Amino acid sequence: MKFSLTSEQEGLTQVLSDYLDARAPLTATRALLEAGTAFDRDVWARMAAELGVQGVDVPESLDGTGMSTVELSLVMHEAGRRLYSGPLLASTGLALSLLLAVDDPGDEVRSSIADLCGGHIVVAAVPDAGGAWAASEVATTATDGTTGWTLTGVKRLVLQADVADTLLIAAVLPDGTTGLFTVDPAAAAVTADDSIDPTRTLCTVELAHSQAQLIVRDADDVFARGALRASVALAGESLGSARQALESAAAYATDRRQFGQPIGAFQGVKHRLADALVDIELATSAVYLAACHVEADDRPQALASVPMAVRAATDALTRVARDAVQVHGGVGFTWEYDPHLFVKRGRVSRELLGSPAERLDALYTHGPKLARSS
């Protein structure tokens, strides 16, 4: 299959790139870090109002922009290039994936989707078992009492729950099935934990008979479908971060001189950069393939192509960011230079939606079918 971006997709990428360069560049992320501010809510709201970024692939009937999963990956790519600290992955990438996976959304789900697409709220999706999105791993329990549903359990590795207006939480119902609930963060104990990546928080959410509203019963398929779209978003963001890390290393190798010439002229440096480019280009193909399969709702193919994309993109980010530190030499790991921020983003991203080992297992399970159909 030959794939290339359309002129409209290239235009979207350029418009968003210009917008983020003006309003949310990496220097702005650094300024927010130093000020102790989570993210700029004004930029978040204006991204929705002016560009429709938060609902880029949401149908127009649900107040979205009406584009495709490919455009979602492009949006996440541009955010990843700037290590955008706002809740774009948390809300648009993860939480919205669950809401869109609901087959017959009721009024509350529709309202939440519309508010999220409009930039009016931030929603955090709460995983289980160290980040895996699988109903079989859910340990939180739900009880239906006289005052309604309550949830009890502890969730960890919840991306940016400390800035969320709503939490989406999976819990085991009394009949043994898994339900999806909304919870007001005020009804739970949300703690921002220490994280390797300083650009956005990972939180622990403790629920002790916390009031909740059930929005989906028997949500196994919601989690299965939602995980595919969420993984494409994560892969797209990781790919963008990897590309920016390479560009910063290449720029430094061009400007930094030793022995009368740029260090990029030395074989050890230029071969390292060339290998990084190969990693990124291979990951790019994997991400676009996965996005096309998810957009087509081709689950047999997506079950292999999506974990392949996440594996390729997060591995590329990990390796390229590490190499960027090496190219920068002794200053590469200092606060004043950017490579260490990409290293930290990569370390968290590769574990965010399951471990690399789980993704390899998925590839071994579903990959042969994808290979036979190619």
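Colleague: Which residues line the second largest cavity?

Modeller: This is a predicted model, to be clear. In it, the second largest cavity is lined by A245, L246, A249, L273, A276, V320, D323 and A324. The elements giving two or more residues to that lining are α7 (220-255), α8 (267-295) and α9 (299-328).

Colleague: Thanks! What volume does the second largest cavity have?

Modeller: About 30 Å³.

Colleague: And how many cavities of 30 Å³ or more turn up in the whole structure?

Modeller: The search finds two of them.

Colleague: How do you look for empty space in the first place? What gets rolled over the atoms?

Modeller: A probe the size of a water molecule is rolled over them, and that shows where space is left empty.

Colleague: Switching to charges: how many salt bridges does the structure hold?

Modeller: There are 18 salt bridges. One of them joins the side chains of R82 and D21, at 2.9 Å from N to O.

Colleague: Where do R82 and D21 lie, and how far apart are the parts they tie together in sequence?

Modeller: R82 lies in the loop between α4 (69-81) and α5 (88-100), while D21 is in helix α1 (residues 7-23), so the pair ties together parts 61 residues apart in sequence.

Colleague: Nice. Last one: which residues gather in the patch of negative charge on the surface?

Modeller: E137, E351, E358 and D361 make up that patch. D361, for its part, is found in helix α11, residues 356-373.

Terms used
Residues numbered from 1 in each chain as written. Predicted model: local features only at pLDDT ≥ 70, side-chain atom pairs only at ≥ 80, totals over all residues. Heavy atoms only, no water. Patch = residues over 30% accessible without salt bridge, like charges linked within 9 Å, V, L, I, M, F, W, Y side chains within 5 Å. Areas by Shrake-Rupley, 256 points an atom, 1.4 Å probe, with all protein chains shown as cover. Salt bridge = Lys/Arg side-chain N within 4 Å of Asp/Glu carboxyl O. Lys, Arg positive; Asp, Glu negative; His and termini not counted. Charge placed at Lys NZ, Arg CZ, Asp CG, Glu CD. Helix = DSSP H or I, 4+ residues; strand = E, 2+ residues; numbered from the N terminus. 1 Å grid on protein atoms, 1.4 Å probe; cavity = no way out; pocket = protein on both sides within 12 Å on 5 of 7 lines; lining within 4 Å. Points joined across faces, edges and corners; volume = space filled by probe spheres on them.
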